[in-house]
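This report goes through one protein model, from its overall make-up to individual residues.

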Amino acid sequence: WTVRYGPAAPGGCGAVEGAAVLLLRARDLFALPFPLARPVPAALFVQAAARGWGLRVIPAAFPAARRPPGSPPQRWKRETAAAERHRRLMEELGVKLEVLADGRERWYGCGKETARCFGTVHARTPQYLLAGRWTPPCCLRALRETARHVVTTLEAAGVRYWLEGGSLLGAARLGDIIPWDYDVDLGLYREDIPKCRWLAAVAAAGAAAVEDAEGFVWEKAAEGEFYRVHYSRSNRLHVDLWPFYPRGGVMTKETWLGHPQDVEFPESFLRPRVPVPFAGFTAMAPNRARAFLELKFGPGAVETPEYPNPAVKRMGQD
């Protein structure tokens, strides 16, 4: 999903543009998914890097004749055509992000105006996991933006919320979204829903979705009594908001989807809530996060990563 370029090591190749002489076996060349994709040097570099192959360039092995620079319009046409070929290649190879040697980024994945990069999630297993990949970087970027926006909105409204489920697992493990996750989960106190203008608007509108001033879409989930905030109307990456309420010192809710971690828990985990780093900002979380997660997922949940549905796809499975 991501291609990173760095300074070339002695005798190595850290560039993907321009002419190069590559020596490789024909069977290796034609074993590549896109052996003759253009521009050829870039296509071979990316596919070889994905397989851990090393490329060595022989300097000036076959010197090319120098071409006249051409007029400014001709140079502009050549550069524009080359950039378009490169963009098409990245899309064909499924590359979502290029990180250049100088730190600049080129994005080719989904955005606000496009659909997300994967289809409907079946049995809690997104398509990319079945293909042996993790969440596309553009989708993770959109999830981080959506989570930050939702948290900022809830905090400004005085809504008591906390990281839930896999999102709290990601915060505990690495301070970020789990790299194969496809949504963000937040719990909140049900009685605080009217404090948030967008949640109140959704409640008043019934089944209708409400778009806020920054293009995020708030709606009531079709599956039950909880809410969803989408990255945009086109891109359905989202944050789920789960309304809980206390009953006899235990936090419970109206909708249970049958996930193993979908359980009640003592309200003492929320008294107080504590700040934790998450996805590039600070979010609120239950206190004693490890005990909370082991209640939800079982012993050793933080140290033992696993995919959402091991019956379909297990960690480490080819």
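## Overall make-up and confidence

The model is predicted. The protein has 318 residues, of which 43% count as buried, and its secondary structure comes to eight helices and 13 strands. The accessible surface is about 16800 Å², with 55% of that belonging to carbon and sulfur atoms. Of the contacts between residues at least 6 apart in sequence, 59% join residues at least 24 apart.

The mean pLDDT is 87, and 88% of the residues reach 70 or more. Over residues 8-16 pLDDT stays under 50, and the model has 17 contacts beyond four places in sequence for that stretch. Where pLDDT is low, the predicted coordinates should not be read in detail.

Strand E5 covers residues 184-189, and six of its six residues are buried. In a regular strand the side chains alternate between the two faces of the sheet. In E5 both faces are covered: one side carries Val-184, Leu-186 and Leu-188, the other Asp-185, Gly-187 and Tyr-189, and all of these are buried.

E5 pairs with two strands described here. With strand E4 (residues 161-163) the pairing is antiparallel, over three bridges; with strand E9 (residues 238-247) it is parallel, over six bridges. Gly-187 takes part in both pairings, as the bridge partner of Trp-162 and opposite Trp-242 in E9.

## The nonpolar cores

The largest nonpolar core has 62 residues, and those with the most contacts inside it are Leu-154, Leu-186, Leu-199, Trp-218, Leu-241 and Phe-278. Helix H5 (residues 137-157) gives the most to this core, with nine residues. A second, separate core has ten residues, among them Ala-43, Leu-89, Met-90 and Leu-93. In soluble globular proteins, nonpolar side chains tend to be buried together.

Which residues does Leu-241 touch, not counting residues up to four places away in sequence? They are Val-150, Leu-154, Leu-186, Leu-188, Leu-199, Trp-218, Phe-226, Tyr-227 and Val-229. Two of the residues named, Leu-186 and Leu-188, lie on one side of E5.

## Helix H6 and its cover

Helix H6 (residues 165-174) is largely enclosed by the rest of the structure, because seven of its ten residues are buried. The buried residues are Gly-165, Gly-166, Ser-167, Leu-168, Leu-169, Gly-170 and Ala-171. Their cover includes E4, E5, strand E12 (273-278), strand E13 (281-286) and helix H8 (289-297). Just after H6, Gly-175 takes a positive phi of about 70°.

In the UniProt record, an unreviewed entry, residues 156-193 carry the feature "domain: LicD/FKTN/FKRP nucleotidyltransferase". Over residues 156-193 the chain is 32% helix and 24% strand, and the end C-alpha atoms are 13 Å apart.

## The E12-E13 hairpin

E12 and E13, both part of the cover over H6, run antiparallel and are joined by six bridges. The two strands form a hairpin with two residues between them, and Ala-279 in the turn has a positive phi of about 55°. One of the bridges pairs Arg-273 with Pro-286 in E13. Of the six residues of E13, five are buried.

## Two single residues

Thr-146 lies in helix H5. Is Thr-146 buried or exposed? Its relative accessibility is 0%, so Thr-146 counts as buried. Leaving out residues up to four places away in sequence, Thr-146 touches Phe-216, Val-229, His-230, Tyr-231 and Val-239. Val-229 is also touched by Leu-241.

Val-302 is placed in the segment after H8. The cut-off for buried is under 20% relative accessible area, so Val-302, at 12% relative accessibility, counts as buried. Beyond its neighbours within four places in sequence, Val-302 is in contact with Leu-169, Ala-172, Arg-173, Arg-290 and Leu-293. Val-302 and Leu-169 are 133 residues apart in sequence, and their C-alpha atoms are 6.4 Å apart in space. Leu-169 is one of the buried residues of H6.

How values were computed. Residues numbered from 1 in each chain as written. Predicted model: local features only at pLDDT ≥ 70, side-chain atom pairs only at ≥ 80, totals over all residues. Heavy atoms only, no water. Helix = DSSP H or I, 4+ residues; strand = E, 2+ residues; numbered from the N terminus. Buried < 20%, exposed > 50% of the residue type's maximum accessible area, 1.4 Å probe, protein only. Contact = heavy atoms within 4.5 Å. Areas by Shrake-Rupley, 256 points an atom, 1.4 Å probe, with all protein chains shown as cover. Pairing = 2+ DSSP bridges. pLDDT = per-residue confidence, 0-100. Core = buried A, V, L, I, M, F, W, Y, C linked by side-chain atoms within 4.5 Å. UniProt positions renumbered as here; feature names shortened; annotations may be inferred.
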